[in-house]
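Please keep the sequence and the model at hand while reading.

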Amino acid sequence: MRVFNFCAGPAMLPTEVMAQAQAELLDWQGQGVSVMEMSHRSPEFIALAKGADADLRELLTIPDDYHVLFMHGGGRGQFAAVAMNLLGDNGKALYLRSGSWSKAAAEEARRFGEVDEIEVIEERDGTKALNMPSFSAEQGDYRYLHYCPNETVDGIEISEVPDSPWPIVADMSSCILSRPIDVSKYGLIYAGAQKNIGPSGLSLVIVKRDLLELPSLPMPSIMDYRITAENESMFNTPPTYALYIAASVFAWLKKQGGVAAMGERNQRKADELYDYINQSDFYKNPVASNLRSRMNVTFQLADESLNSEFLSQAKARGLLALKGHRSVGGMRASIYNAMPHQGVLALVAFMDEFAKAQQ
Ligand code: PMP
């Protein structure tokens with residue numbers, strides 16, 4: 001039985017995609033072998049990879065002067081790869097800090113060069129609010145500005161793209177494909193796959209070609225964007241099964257009406273959950289309303305001693321993995337593309353029942 005899985009990642013994948021993978025597991029395209037048992041250089045697999053590239057380009061309207069790279073090492077792999085590829089010798093970068101993941105990205109980049117950081121979230125009367133400064137080129141000779149539009153742990157989503165004189169690098173691990181974006185505003189977008197794309201380990205990079213013209217630091221070949229681009233993401237053996245699932249997810253997204261339809265659906269799901277939390281005395285959310293994540297809805301019980309009872313009753317109702325990240329506590333409902341509307345309705349109904357039972 002499939003339950004509603006609210007895990008932040010690896011997250012639930014569309015049931016249709018999983019069912020297709022199951023049906024094709026032993027015999028892909030009538031070849032008598034699994035897709036994971038085939039050469040990545042076979043014409044069949046190369047066709048799959050090209051299809052994934054084309055579908056992604058269509059879904060996100062990626063301009064022709066951007067490379068699409070499928071790489072190894074998830075989100076954190078890209079924390080390092082971004083710095084190694086873009087910082088260059090004596091290069092400096094500016095990192096905006098909005099929560100756990102942007103902080104971790106800056107720490108990793110500092111291993112490779114100079115990093116300045118600006119905190120963009122401030123507490124106003126116990127509420128987390130956005131304090132996005134305006135930037136000007138005189139502030140520094142930065143190779144790029146890095147930020148994380150969706151902070152998975154903190155439940156914070158920054159919907160405005162910073163107005164930056166330097167190329168923007170965005171960690172979209174937990175919001176990629178959740179609504180339309182204007183790729184041309186970014187120098188580079190990256191994402192670990194395990195939320196809206198497919199299995200963990202795979203990472204996606206969308207990078208403007210001219211960003212790769214400057215010389216980079218010495219680094220392992222498999223982390224090198226230039227080598228990866230020249231070899232169409234097949235310098236070495238790519239994570240083929242993960243790529244196969246990603247290709248299926250992209251096809252599924254197109255069938256759903258693409259990212260515009262997904263964006264509307266995701267907004268509706270998030271609004272329903274936040275509307276319920278807003279009118280409740282039993283649950284609270286400390287994030288300003290214009291900064292609340294549509295993907296990771298964090299909330300706390302007014303009486304935290306009820307946390308474990310809440311989680312065990314939820315699990316018994318088929319509502320899984322609602323525990324907040326260990327660093328912040330509380331609850332977190334991750335409602336990525338694959339979470340159906342019924343999952344959110346079931347969660348709200350349970351939360352209401354649980355709250356009323358305590359009164
Ligand atoms: N960035 C963000 C926004 C994330 O949510 C995560 C993982 N939850 C990461 C980076 C790290 O990804 P990985 O575990 O694949 O290294």
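The sections below cover the domains, the ligand shell, an annotated lysine and some backbone details of this predicted model.

## Domain layout

The chain is split into domain 1, residues 29–255, and domain 2, residues 258–357. Taken over C-alpha atoms, the centres of the two domains are 27 Å apart.

Contacts between the domains involve 25 residues of domain 1 and 23 residues of domain 2. On the domain 1 side, two or more residues come from each of helix H2 (43–60), strand E6 (127–130), strand E9 (156–157) and helix H6 (240–255). E6 supplies the largest share of that side, 4 residues. By residue class, the side of domain 1 that touches domain 2 holds 10 nonpolar, 9 polar and 6 charged residues.

## Ligand shell

The residues around the ligand are Gly9, Gly74, Gly75, Arg76, Trp101, Cys148, Thr152, Asp171, Ser173, Ser174, Gly192 and Ser200. Of this shell, 8 residues are polar, 2 are nonpolar and 2 are charged. Helix H3, residues 74–86, gives the most to the shell, with 3 residues.

## Lys195

An unreviewed UniProt entry annotates Lys195 as "modified residue: N6-(pyridoxal phosphate)lysine". In the model, Lys195 sits in the loop that runs between strand E11 (188–192) and strand E12 (202–208). Lys195 counts as buried because 31 other C-beta atoms lie within 10 Å, where the cut-off is 20 or more.

Leaving aside neighbours within four places in sequence, Lys195 is in contact with Gly9, Ala11, Ser173, Ser174 and Tyr336. Gly9, Ser173 and Ser174 also belong to the residues surrounding the ligand.

## Backbone details

Most peptide bonds are trans, and most residues other than glycine have a negative phi. The peptide bond between Gly9 and Pro10 is cis, with omega about -5°. Pro10 is located in the loop between strand E1 (4–5) and helix H1 (15–24).

Two residues other than glycine are described here for their positive phi: Gln29, with a value near 55°, and Leu177, with a value of about 65°. Gln29 is in the loop between H1 and H2, while Leu177 is in the loop between strand E10 (168–171) and E11. Are these residues buried or exposed? Gln29 is exposed, since 12 other C-beta atoms lie within 10 Å and the limit for this class is 12 or fewer. Leu177 is buried, with 25 other C-beta atoms within 10 Å.

Definitions and conventions: Residues numbered from 1 in each chain as written. Predicted model: local features only at pLDDT ≥ 70, side-chain atom pairs only at ≥ 80, totals over all residues. Near = placed C-beta within 6 Å. Nonpolar A, V, L, I, M, F, W, Y, C, P; charged D, E, K, R; others polar. Domains from an automatic or database assignment. Contact = placed C-beta atoms within 7 Å. UniProt positions renumbered as here; feature names shortened; annotations may be inferred.
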